[in-house]
Amino acid sequence: MTSDVSSLPLCPTLRSKLSAAGFTSAAAVAQADPARLAADAAVTLEDAQRAQHAADARTRSGLAGALSAKALYDRERRSQRIITFCAGLDSILGGGVGLQQITEVCGGPGLGKTQLGMQLALDVQIPDCFGGLGGEALYVDAEGGLTLERLTQMADALAAHLRRVAAARAVARRAQAAAALTRERMFDAVHLYRVHDLAELLAVVDGLVATLAARPAIRLVVVDSIAFPFRQDHADLAARTRQLAQLGQSLMEVAVAHDVAVVLTNHVTTRPGEDGGAPPRLIPVLGDTWAHVATSRLMLYWEAGARRAFLYKSPSQPPASCEYLVTGEGIRGRRQPAKRGPEGECRGEAAKK
Amino acid sequence: MKSGPARRRIQSLQVSKCSLGCPILDAFLGGGLSSGSITELVGEATTAKTQLCLQALVHARLSLGGSGVYIYTEGDPPLDRLHQLAQAAVARRKTPLSAGDVVAGVFVERGVDCGEALLARVKALQPLLARVAGTPAPVRLLVVDSLAAPLRDLGPSPGRRELLARAQTFFRLAAALRALADRHGFAVLVTNQVTDVVAGPGAALARSATGGAPLLTSGREVTPALGLAWASCVNTRLFAAHAAGGGAPGPRVLHLVWG
C-alpha cells in the first residue's frame with residue numbers, strides 16, 4: 001500500500017489541492033496542524049480534517065507513524081482554538097486564539113480591538129458540532145465600547161452563517177444547534193462587567209476564580225482594555241508595575257486552571273524618535289514588565305489605509321502579518337478576488353471548523 | 001472577598017439616543033448620540049461645532065425631555081445663540097414648552113481654564129446629576145465645548161513629563177465622564193480642534209489618530225489636537241470639514257472616523 005496522497009480515498013479535487021500545496025505523503029497530511037493544512041491547501045477545515053482521518057488510517061495501518069493516545073489528545077487540545085472569522089488572523093495565530101494562554105491585542109484607536117473582543121465573545125459560542133467550543137464568555141469592558149447594536153449585528157451574522165453551513169451539508173445535530181443559537185442565547189452567554197477604574201478592574205479579576213468555578217461553560221475572558229484603568233495614574237510607577245505583574249500572574253493562573261483563553265486589549269503610544277536617528281514609532285503602553293506577561297502578542301496597525309495585524313510574540317507560531325477587515329458583520333478576512341460567493345462569505349470559511 | 005461591580009445584562013444596554021436635531025445627522029449616527037460613551041466632534045474653526053452642540057442640547061430637552069450640562073471653555077458662552085436655536089426649534093414643533101423652558105434646562109458651566117479645573121468641575125457635577133435624576137427632566141446630555149482650549153497649551157517648552165501629565169488628565173477625565181454618563185444614563189459630546197499635518201515621518205503617526213486615512217479640511221491635511229492619548233479615550237470620533245479649499249464658506253461634510 002503506497003503512502004502517497006494520490007492513493008488516499010478522497011475526492012480528486014481535494015487530493016490535487018493537497019499535493020499542489022506540498023503535502024505529497026499521507027504522513028505529511030496526518031502530522032500537519034489542521035488549520036494550517038486548510039489554509040495552505042485552500043480547502044475548508046472540514047475537508048482538511050477528512051483528509052487527516054484518511055491519512056491517519058493509512059499511516060496507522062503501516063505501524064510507523066501511529067499516533068499514540070497522548071499525541072492525539074495533545075493535538076486535540078492544541079487545536080482547540082477560538083476562531084476570529086478572518087482566515088488570515090486565524091492562520092497567523094495557529095488556528096485562532098489559544099486556550100490556557102494570554103493573548104494581547106494592541107493598537108491605536110479605530111483599528112477594531114473592541115470589535116475583535118466582541119467577535120471572539122460570540123465565536124467561543126460556536127457549537128461543538130460545528131467544531132467550536134460551545135462555550136460562554138466573560139467580558140470586562142473598561143471603555144464603554146461594547147454596544148448592544150453592534151453585538152446584535154455580529155450575533156445575527158454569526159447565526160446566519162451557521163445556518164448556511166448547516167444547510168449546505170447535512171451533519172447530525174447542526175441544523176438543531178444553529179436554530180438553538182438565538183440572539184437571546186448569545187447575549188446570555190456573554191457575562192458583561194463594566195469597570196470604570198483600577199479598583200473595579202482588580203475587584204472583578206479577584207472574583208474571577210469564583211465566577212469561573214461557578215460557570216465552567218466560560219471558555220474566554222476578554223478585558224477591553226487593560227490599559228485604560230492603569231493609565232489614569234502615572235504617579236507611582238513602582239506600584240503600578242507591581243500591580244500589573246500581579247494582575248498578569250492571576251490571569252495566567254486562571255487561564256491554565258480553568259482552561260480558558262484570556263484576551264487583553266492594550267493601547268499604543270508614540271516612542272519619541274532618537275535625535276538624528278530612527279523616526280518616532282508606535283509601541284504598546286504599560287512598559288517592559290507588562291511585555292513579558294502576554295503569551296502571544298498581536299499588534300494592529302494601519303498600512304496604506306488597510307488594517308493589518310502583526311503577530312510578534314507566540315510560543316508556537318512564527319512572526320507573521322495579515323490584513324483583516326471590520327465589516328457590518330464583524331471581523332472578516334479579505335475575500336479572494338477569484339472566489340465568488342454570497343455577500344459576506346470569505347476565506348474565513350476555509351479556516352472555520 | 002472584595003465585591004466588584006455586578007454583572008450587566010447585555011439586553012439592558014439598550015438606551016435611548018440623544019438627537020442632534022437633524023434627522024440626517026441622527027441617521028448618520030444610528031439614531032443619535034449614544035449614552036454612557038464619549039462622542040467627539042473634531043473640526044477647524046467655523047465648522048459649526050458649537051452650533052451642533054447647542055442644537056443637541058435643545059433637542060435633548062424637546063425630544064428626550066432631558067436637561068443638559070454645557071461646559072464652555074472658550075470665554076463667554078453663546079447664550080444668545082442658544083436662545084435663538086431654542087426659539088426656532090419650539091416654533092417648528094408642537095410643544096407646550098417655551099424657548100425659556102428649553103434654555104432653563106441647560107446648566108451652563110464657564111470659567112474653566114485648565115485641565116485640572118475641568119476635571120474638578122466634572123466631578124463636582126455629581127450632586128446636580130443626583131438632584132435632577134429623580135425629576136421628569138434628568139440630564140441626558142453633557143457637552144464640553146471645547147476640550148482643546150484648556151488642554152492644548154502645554155507651556156513654553158513641553159517635554160515628556162508635561163505630555164505624560166496631560167495624558168493622565170485625559171484618562172482621568174474620560175473615566176470620570178464615562179462613569180457619570182454610565183451611572184446616570186446620559187450622552188457625552190466633546191469638541192476638539194485640529195492641528196496641521198506636516199509632510200514627513202510624522203504624517204504616518206498623525207494618521208494613527210485619524211482611522212488610517214488623511215483628514216482634509218479646506219484643502220489641507222489635519223489631525224485632531226491633543227494627540228494619541230486623548231484619541232484613545234474617545235469612543236466615537238466625528239470629523240467636521242470644509243469641503244472646499246481656502247476656508248471659503250461652502251459645503252461642510254461630516255465624517256465618521258471611528259465608532
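In the predicted model described here, Pro214(B) touches Arg207(B) and Glu221(B), residues up to four places away in sequence not being counted, where contact means heavy atoms within 4.5 Å. Pro214(B) is found in the loop between α9 and β7 (215-217) of chain B; helices (H or I, at least four residues) and strands (E, at least two) are DSSP runs, numbered from the N terminus. With a relative accessibility of 42%, Pro214(B) counts as partly exposed, a class that falls between buried (under 20% relative accessible area) and exposed (over 50%), as computed with a 1.4 Å probe on protein chains only. The C-alpha atoms of Pro214(B) and Ala204(B) are separated by 9.1 Å, the two residues being 10 residues apart along the chain.

Residues are numbered from 1 along each chain as its sequence is written, while chains are lettered from A and ligands numbered from 1 in the order in which they are written. Because the model is predicted, local features need pLDDT of at least 70 and side-chain atom pairs count only at pLDDT 80 or more, whereas totals for chains, interfaces and linings use all residues; side-chain values use heavy atoms, with hydrogens and water left out.

Between the two chains, 40 residues of chain B are in contact with 41 residues of chain A. The area buried between chain B and chain A is about 3,500 Å², and carbon and sulfur atoms give 62% of this area; buried area is the accessible area (1.4 Å probe) that two parts lose on being put together, summed over both. Of the area that chain B buries against chain A, 19% is supplied by Arg7(B), Ile10(B) and Phe171(B), more than by any other three residues.

The largest pocket holds about 1,200 Å³ of space. On a 1 Å grid over the protein atoms alone, a pocket is an open set of points where a 1.4 Å probe fits, with protein on both sides within 12 Å along at least five of seven lines, and lining residues have an atom within 4 Å of a point; grid points are joined across faces, edges and corners, and a volume is the space filled by probe spheres set on the points. Of the 38 residues that line the largest pocket, Thr269(A), Thr270(A), Leu163(B), Gly227(B) and Leu228(B) are the closest to its centre. Both chains contribute to this lining, with at least two residues each from α14 (237-257), β8 (268-271) and β9 (281-284) of chain A and from α8 (160-184), β6 (194-196), α9 (201-206), β8 (220-224) and α10 (227-231) of chain B. Helix α8(B) gives the largest share of the lining of the largest pocket, seven residues. By residue type, this lining divides into 23 nonpolar, nine polar and six charged residues, where Ala, Val, Leu, Ile, Met, Phe, Trp, Tyr, Cys and Pro count as nonpolar, Asp, Glu, Lys and Arg as charged, and the others, Gly among them, as polar.

The second largest pocket holds about 970 Å³ of space, and of the 37 residues that line it, the closest to its centre are Gln115(A), Asn235(B), Thr236(B), Trp258(B) and Gly259(B). At least two residues of the lining of the second largest pocket come from each of α7 (113-123) and α8 (148-168) of chain A and β10 (252-258) of chain B. The lining of the second largest pocket divides into 11 nonpolar, 18 polar and eight charged residues.

Several backbone features lie in loops. The peptide bond from Asp224(A) to Ser225(A) is cis, with omega near 0°, and Ser225(A) is found in the loop between β6 (218-224) and α13 (227-230) of chain A. In chain B, the peptide bond from Asp145(B) to Ser146(B) is cis, with omega near 0°, and Ser146(B) is found in the loop between β4 (139-145) and α7 (148-151). Gln100(A), a residue other than glycine, has a positive phi near 60°; Gln100(A) lies in the loop between β2 (97-98) and β3 (101-107) of chain A and is partly exposed, with a relative accessible area of 30%.

Helix α3 (residues 34-41) of chain A is largely enclosed by the rest of the structure, because six of its eight residues are buried. The buried residues of α3(A) are Pro34(A), Ala35(A), Leu37(A), Ala38(A), Ala39(A) and Ala41(A), and just after α3(A), Ala42(A) takes a positive phi of about 55°.

Over all chains the structure holds zero disulfides, a disulfide being a pair of cysteine sulfur atoms within 2.5 Å. The sulfur of Cys114(B) is 17 Å from the closest cysteine sulfur, in Cys233(B), which is too far for a bond.
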